[in-house]
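Subject: Structure handover

Hi,

Here is the structure I promised to pass on. Have a look at it first, and my notes on what turned up follow below.

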Amino acid sequence: MTNTTTDRERSGTAVAQGADEDAAERLTTAPAESDGPTGIGVLGWLRWMWRQLTSMRVALILLFLLSLAAIPGSLIPQNGQNQFKVETWKAQHTTVAPIYEKLQLFDVYSSVWFSAIYILLFVSLAGCIVPRTWQFVGVLRSRPPAAPRNLTRMPVYAAWRTDADAAAVNTAAHRLLRARRFRAHLDGGAVAAEKGYLREVGNLVFHLSLFALLGGFAWASLASGTGGKLLVEGEGYSNTITQLDDFTGTRFYGSDDLDPFYVKLNSFTSKFQNNGSQIGSAREFTAGVEYYEGSDPSKLKQGKIEVNRPLEIGGSKFYLIGHGYAPVITVRNAAGDVVYTGATPFLPQDGNLTSTGVIKVSDYGEKDGKRTQLGLSGFFLPTAPVAFDKNTGPRSLFPGDAAPVLVLNAYAGDLGTDSGLPQNIYQLNTKNLTQLQRDGEPAKAKLDPKQVWELPDGYGTVTFEGYKKWASFNVSHRPGNGIALAGAVAAIAGLIGSLFIQRRRIWVRAVALPDGGTLVELAGLGRSESAKIAEELAALAVDLQDDAPALDDEPDEGPDDGTTGADEAPVPEESAVPADQNSKE
């Protein structure tokens with residue numbers, strides 16, 4: 001009965017020692033992952049699913065899925081960015097547009113499937129960070145793991161005999177390790193030291209930064225808004241919902257939350273390459289503006305907006321996203337009265353800024369005793385050819401204004417502007433209009449600046465006074481961008497720390513030998529395979545020689561742990577070598 005109890009005690013002691021050594025060799029605070037559900041029933045399955053969701057493997061999968069889900073948002077026009085491009089894309093792809101709309105591909109970042117991936121990743125990171133942080137705090141508050149019983153198992157090992165006292169050697173080793181900024185502890189005749197905690201700090205910073213990055217994007221999607229505004233040179237506007245061309249708000253940012261400011265476009269400069277193989281390529285786009293915040297015009301400031309260089313006004317940013325030409329037209333009716341005058345923006349159709357547009361004269365007056373409205377449609381060509389190609393029609397040869405020409409057609413009748421139904425200002429509904437004729441052919445004109453076109457049937461005249469330039473702007477309010485940027489920078493810093501900082505442990509044990517003298521053992525363990533731990537151990541061995549000089553003669557007997565004398569032969573002072581080449585560590 002006594003022997004049975006002794007065997008159990010020995011078995012329990014061996015298991016405890018093995019557990020201690022495994023804990024000493026574990027250099028990570030990552031929570032251990034289970035292979036399957038734990039517990040019984042629904043609760044066990046839920047616990048297992050939670051552990052899978054908060055594992056690093058699932059977090060990486062979700063991060064990869066999120067990057068894949070963002071691809072359609074980069075390739076397909078989005079409603080929140082440019083509604084006009086979305087409508088144009090739908091008109092050009094009538095077959096797949098309904099399918100894309102059902103799949104929410106025009107609103108990728110607010111779609112159900114993108115939000116699901118986003119929220120799962122958010123929860124996964126939160127569930128990973130909290131236990132990992134507490135576990136790391138526990139590691140910092142605890143002492144370095146005690147030295148394993150058999151230090152020869154460690155990847156890097158050194159040993160020698162000395163006449164110095166064992167306690168003095170351990171004390172000297174403790175002092176040297178503390179001087180090297182190791183967190184060291186002397187207990188049980190051995191020194192345990194650890195260094196490189198910033199590696200785990202880098203891991204936690206990386207996880208927290210990803211959390212902040214996702215949080216910043218989430219806040220931006222909930223409290224941001226974008227608007228669009230097209231301004232002709234000399235025009236200005238106040239940032240109100242009635243003066244914006246379009247506006248897209250979010251749950252916590254609506255039309256009542258717009259930042260109050262005023263902006264006026266004073267000038268727009270565009271430069272293009274005019275020779276060589278890249279002729280026509282853009283070289284400079286600059287919008288000169290004046291603005292003031294709030295409602296006090298006395299605080300007027302001058303500003304400049306360029307591509308990818310927005311102007312920040314209050315909490316909003318003013319981005320330059322497009323440009324073009326606006327012909328200045330003057331229309332006189334049959335009585336010679338001016339019924340329309342002003343600059344009308346024409347929209348570019350190609351890289352050479354061949355632009356199309358319409359002019360709607362709603363207040364033309366009466367013609368032959370009947371109320372009449374006039375519509376003009378056509379092309380503006382900044383650099384027109386001498387003669388038009390019959391197959392392609394009017395086309396500009398260069399995006400710069402080298403030879404501007406305005407080509408117009410004229411219609412008379414009912415524009416439909418009084419019906420109360422919304423109309424596109426860049427399109428002309430000819431359903432209730434009749435195209436004016438001259439000699440049995442549709443009336444058209446090719447006008448140079450300052451040229452006058454006399455309309456047929458006594459409808460009056462159209463004068464091409466000249467042209468101005470226009471620029472379109474995106475007004476963006478995104479409060480979470482700063483958080484997302486800070487998170488991205490911190491994530492990179494944390495990743496660098498986790499990759500280049502090495503977590504490592506060193507143990508020093510000095511024990512008195514039965515035949516006299518002291519055996520000094522040094523062992524090191526690094527989380528990654530690197531020569532740094534061997535170099536540190538060799539440097540420590542050299543410094544320790546001052547307090548524990550090695551004996552020249554070799555020991556006749558090995559240590560009392562069962563190893564042979566050959567196994568424990570002294571190692572040269574300037575080197576530290578792996579003791580077990582077959583070690584899995």
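The protein has eleven helices and 24 strands, where helices (H or I, at least four residues) and strands (E, at least two) are DSSP runs numbered from the N terminus. Please keep in mind that this is a predicted model, so local features need pLDDT of at least 70 and side-chain atom pairs count only at pLDDT 80 or more, while totals for chains, interfaces and linings use all residues. Residues are numbered from 1 along each chain as its sequence is written, and side-chain values use heavy atoms, with hydrogens and water left out.

**Confidence**

pLDDT is the predictor's confidence in each residue, from 0 to 100. The protein averages 84, and 86% of the residues score at least 70. Where pLDDT is low, the predicted coordinates should not be read in detail.

**Inside the protein**

Of the 585 residues, 42% are buried (under 20% relative accessible area; exposed is over 50% and partly exposed in between, with a 1.4 Å probe and protein chains only). Contact here means heavy atoms within 4.5 Å. Of the contacts with a separation of 6 or more, 65% are between residues 24 or more positions apart.

The largest nonpolar core has 48 residues, and Phe318, Trp453 and Phe473 have the most contacts inside it. Such a core is a set of buried Ala, Val, Leu, Ile, Met, Phe, Trp, Tyr and Cys residues joined through side-chain atoms within 4.5 Å. Apart from this core lies another, of 24 residues, including Ala184, Ile533, Ala541 and Leu544.

Leaving aside neighbours within four places in sequence, Trp453 touches several residues, among them Leu408, Asn409, Ala410 and Arg438. Asn409 itself is in strand E16 (residues 405-413) and is partly exposed, at 21% relative accessibility. Besides Trp453, the contacts of Asn409 beyond four places in sequence include Gly375, Leu376 and Gln435.

**On the surface**

The accessible surface comes to about 31500 Å², and carbon and sulfur atoms hold 55% of that. These areas come from the Shrake-Rupley method with a 1.4 Å probe; for residues, only the protein chains shown count as cover.

Ile61, Phe64, Leu65, Leu68, Ile71 and Leu75 make up a nonpolar surface patch with about 580 Å² of accessible area together. Patches are made of residues with over 30% relative accessible area and no salt bridge; like charges are joined within 9 Å, and nonpolar side chains (Val, Leu, Ile, Met, Phe, Trp, Tyr) within 5 Å. Helix H3 (56-69) and helix H4 (71-75) each give two or more residues to the patch, and H3 gives the most, with four.

**Salt bridges**

A search of the whole structure finds 13 salt bridges, each a side-chain nitrogen of Lys or Arg within 4 Å of a carboxyl oxygen of Asp or Glu.

- Glu200 pairs with Arg132, with the closest N and O atoms 3.1 Å apart. Glu200 sits in helix H9 (residues 197-222) and Arg132 in helix H7 (residues 112-141), 68 residues apart. Glu200 is buried, at 1% relative accessible area, and Arg132 is buried at 7%.
- Asp515 pairs with Arg161 at 3.7 Å between the closest N and O atoms. Asp515 is partly exposed, at 46%, whereas Arg161 is buried at 12%.
- Asp543 pairs with Arg180, with the closest N and O atoms 2.3 Å apart. Asp543 is in helix H11 (residues 532-544) and Arg180 in the loop between helix H8 (166-179) and strand E2 (183-187), so the pair ties together parts 363 residues apart in sequence.

Most residues other than glycine have a negative phi. Asp439, however, has a positive phi near 55 degrees; this residue is in the loop between strand E18 (437-438) and strand E19 (441-442) and is exposed, at 77% relative accessibility. Lys450 also has a positive phi, about 75 degrees. Lys450 lies in the loop between strand E20 (444-447) and E21 and is exposed at 60%.

Cheers
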